[in-house]
Amino acid sequence: MKRLVARVLGSFFFFILVGSSPLMAVENGGYANSAFLVSTQWLEDNLDRPDIRILDRQDIFPKDDFYGKAHIPGSIRMPTSAIKGMRGDVQEMLVLKDLIKFLEESGVSSKHHIILVGRSQRLPATTRVFWALEILGHKNISVLDGGIDKWRVEKRTETTEVPNFPATTYEVQSLQRGLMMTGEELSGYIGFQDRFNLMVVDSRRLEEFAGKEMSRSSEKLGHIPGSVNLMFMALLTGKEYKEFKPADEIRAIFQAKGLTPDKHLVFTCVSGCFGTVDYFAARLLGYRNVSVYDGGWIEWSRRNYPVEPEVTAQPPASEPAAKQQPLKPPIRVFQDEGC
């Protein structure tokens, strides 16, 4: 009888542990690090857990007030200033002390399981926080797959009530400095990427990468020599909201670009936002040797760093210049400013 009771109790506690674990949060994704994504159902089922803190990244600019109109119960508004500031003479860089100050004032400690929530059209604003928290060595971080958009499509509970958590101390357990690369460091690898087994992944729009359109706040056209282009939207699926594609699809996209786990992958873009979506996808797949250059093209184009413009083919001599079709401006579905 005692053995039977012990077995029943053991099964009960196992069920509780598994049911509350983010490891089972996303269905059929096949990710090596599935805990990095949680589903809307998982979050709704775990809203009342005291060890969870939800950071809301709906508001990108100071004038935005999407959070004030409605947000997931218990979530904390996280402004862009917490993850973007002035470092040296370049704006929009990660300043870790600003991030830590925000976390402490908001009642978020290194022991909390942080859930990141944002809008689908501003997904880079969410994954940038994930990257920043990984630099701090934070152990439990997840992104809400589908974001606030999926939550609303499914008509789940929202509120305008602002939570008030007591301030705390954020203890950095293990600073992961290798996840951040500077322009000076990266410039030292140029021309020798193969020898260092390093690849630079540029997540800007193709027109910008190809040197046909100037990136915002930049001073040159082109891209970092030897880099490959991977616009992060290729990793997402869905119309009403964006979710990450299954692991096998993301892996195929990476492999087609030569982005294999044995290489050191450096993700970048205009200002360290778009690139963090690619970074997050790599981490989902279990990649470890990854970093982000958040100075991005804004910093790179202002320095005396090498630039590689695309060599475009000339039209046939028999084709009048007047018949050449002008390049259409890209549709700005995703904006990188402020994220």
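Start with the lining of the largest cavity: by class it has six nonpolar, five polar and four charged residues (Ala, Val, Leu, Ile, Met, Phe, Trp, Tyr, Cys and Pro count as nonpolar, Asp, Glu, Lys and Arg as charged, and the others, Gly among them, as polar). Bear in mind that this is a predicted model, where local features need pLDDT of at least 70, side-chain atom pairs count only at pLDDT 80 or more, and totals for chains, interfaces and linings use all residues. Residues are numbered from 1 along each chain as its sequence is written, and side-chain values use heavy atoms, with hydrogens and water left out.

Now select Leu 123, Val 143, Leu 144, Gly 146 and Gly 147, the closest to the cavity's centre of the 15 lining residues. The volume there is about 100 Å³. On a 1 Å grid over the protein atoms alone, a cavity is a set of points where a 1.4 Å probe fits but cannot get out, a pocket is an open set with protein on both sides within 12 Å along at least five of seven lines, and lining residues have an atom within 4 Å of a point. A volume is the space filled by probe spheres set on the points, which are joined across faces, edges and corners.

Next, the largest pocket, with about 350 Å³ of space. Pick Phe 36, Glu 134, Gln 176, Arg 283 and Arg 288, the closest to its centre among 14 lining residues. That lining has four nonpolar, six polar and four charged residues.
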